[in-house]
Amino acid sequence: MLDRTKAPEIHEIEAVTLQIAEVSHLSNGARLHYIKSETQPVIRLDFVFKAGKWYEDQAGLADLTGKMLFEGSKNYTAKQIAEKVAYYGASFENNHGYDRSEFTLYCLSKYVPELLPLILDVLQNPVFPTEEFELLRKRNQQNLKVQRQKNNYLATHSFTKLVYGEKHPYVFGLDENALDTIAKEELANFYKSRYSTDHLEVFACGAIDEELEKLLEKEISTLQLVEATSDITSPNLETNKNEDFVLMPESLQSSIRLGKQFPIIGHEDYHKLVVLNEILGGYFGSRLMRNIREDKGYTYGIYSAISPKEHDSLFFIGTDVNYQVTYKTIEEIRKEVKLLQDVLVPEEELQTVKSYMLGKFLNDIATIFEQCDRYKRIVLHKLPYEHYNNYISTIRGVTAEELKDLANHYIALDGLKTAIAGKKPD
């Protein structure tokens, strides 16, 4: 019988065990990764193409191309695509990213034979109908206008321009009229040049039995997409400008973004920098939250984050405040960064952050889909399979002295870019 007078035992997290996928190399050049679990009768299929913003020569092209694939194929209209997916209680969507474009199907495993032919037809036989293209572009133009009325959108857009330069593919968002000159033919050309089975990664996770495995291999092998053009090398267009203010005179709040480039996810210092970021602003008990939210009362929330991409990582701090305290907030942010550079993190605080990070990581890999997301990152970023065990060991072993050195090396105050969108303080 459970003795409720005794607290549960506490165990140190020594290592984690993520499911390693089985990999099939298909005849068309694609790779099919399986992560199997019989817990629930569902499956997720991710078709991941090298067709993100990194490869576009005109802003907005990759995003519109991915969305247009849902607007009609050789054998299905846009309405038929939506109706068939809905009939089976499934979900089929596109996630356009900086480096990749993903098409994801969620459904009950038993319905894969009915839905897979539709998915493959959408991916292989888009027809780019003119009327649907014009409607899609108008919807996106209207959405862009709405987004560009928001301070946080404008601040992030401006900030990433400061970091990378005006035309870099890692710039967040779009300029006001970016979609106006895109023609339907450009979408078709982008599709032909970037959607290739030779670079295709397919991730299947969930309830996959032997019969379904054979079906997936057979059907996905029928995808015949021409070899994509060679990878594009995008230069670093970093500017010498360190600050920008996007004036929104009617706004009572200001959005603030500070940050800089960080090492890529495979770098030897990356895991330690994640710990440093967590202390600064990565969770609700962080230093930025305690100072600027709880002590000063300048904001409801402030955070810092590291956004890893395939060719770079971005470190940034973000918050929204009353416009009158904009510069006071920036001053306090810089004080917190300087404190990390000058004073060792107290052992009690460091241990609290370590325990939080380890517990959160275990919680974040609780489902098969979340484990597949971690495995996918290993594949797409070309990381070693022990990447997450290295993450655990780094969190446990990193010292206050190392974090102080990293703060001085990677987040020097004179290297931080600062963007503000809002009303000028009086």
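Modeller: First, a term for later: a crossing is left-handed if the near helix is turned anticlockwise from the far one by less than a right angle, and right-handed if clockwise. Helices (H or I, at least four residues) and strands (E, at least two) are DSSP runs, numbered from the N terminus. This is a predicted model, where local features need pLDDT of at least 70 and side-chain atom pairs count only at pLDDT 80 or more, while totals for chains, interfaces and linings use all residues. Residues are numbered from 1 along each chain as its sequence is written, and side-chain values use heavy atoms, leaving out hydrogens and water.

Biologist: Which way do α1 and α4 cross, left-handed or right-handed?

Modeller: The crossing of α1 and α4 is right-handed. The axes (lines fitted to C-alpha atoms over the stretch in contact, with angles from 0 to 180 degrees between N-to-C directions) of α1, residues 61-68, and α4, residues 130-147, come within 11 Å and cross at roughly 130 degrees. α1 and α4 are therefore oblique to each other. On the scale used, under 35 degrees is roughly parallel, over 145 roughly antiparallel, 65 to 115 roughly perpendicular and the rest oblique.

Biologist: Which residues in α1 and α4 meet?

Modeller: From α1, Asp 63, Leu 64, Lys 67 and Met 68 meet Glu 132, Phe 133, Leu 136 and Asn 140 in α4. Contact here means heavy atoms within 4.5 Å.

Biologist: And α8 with α11, what's the angle there?

Modeller: About 110 degrees, with the axes of α8 (residues 270-282) and α11 (residues 347-364) 10 Å apart. α8 and α11 are therefore roughly perpendicular to each other. On the α8 side the contact uses Val 274, Val 275, Glu 278 and Ile 279, and α11 brings Glu 349, Leu 350, Val 353, Tyr 356 and Met 357.

Biologist: Zooming out, how many helices and strands are there in the protein chain?

Modeller: The protein chain has 14 helices and 11 strands. Its C-alpha trace spans about 65 × 65 × 40 Å along the principal axes. Of its 426 residues, 53% count as buried. Buried is under 20% relative accessible area, exposed is over 50%, and partly exposed is in between (1.4 Å probe, protein chains only).

Biologist: What about contacts across the sequence?

Modeller: Among contacts between residues at least 6 apart, 81% join residues at least 24 apart.

Biologist: Switching to single residues. Where is Thr 418, and is it buried or exposed?

Modeller: Thr 418 is in strand β11, residues 417-422, and counts as buried at 8% relative accessibility. Leaving aside residues up to four places away in sequence, Thr 418 touches Leu 162, Asn 242, Glu 243, Asp 244, Arg 257, Leu 258 and Ile 330. Tyr 388 is 30 residues along the chain from Thr 418, with 32 Å between their C-alpha atoms.

Biologist: What about Gln 371?

Modeller: Gln 371 belongs to helix α12, residues 368-380, and is buried at a relative accessible area of 14%. Beyond residues up to four places away in sequence, Gln 371 touches Thr 17, Leu 18, Gln 19 and Ile 365.

Biologist: Where does Lys 382 lie, and is Lys 382 buried or exposed?

Modeller: Lys 382 lies in the loop between α12 and α13 (387-397). At 67% relative accessibility, Lys 382 counts as exposed.
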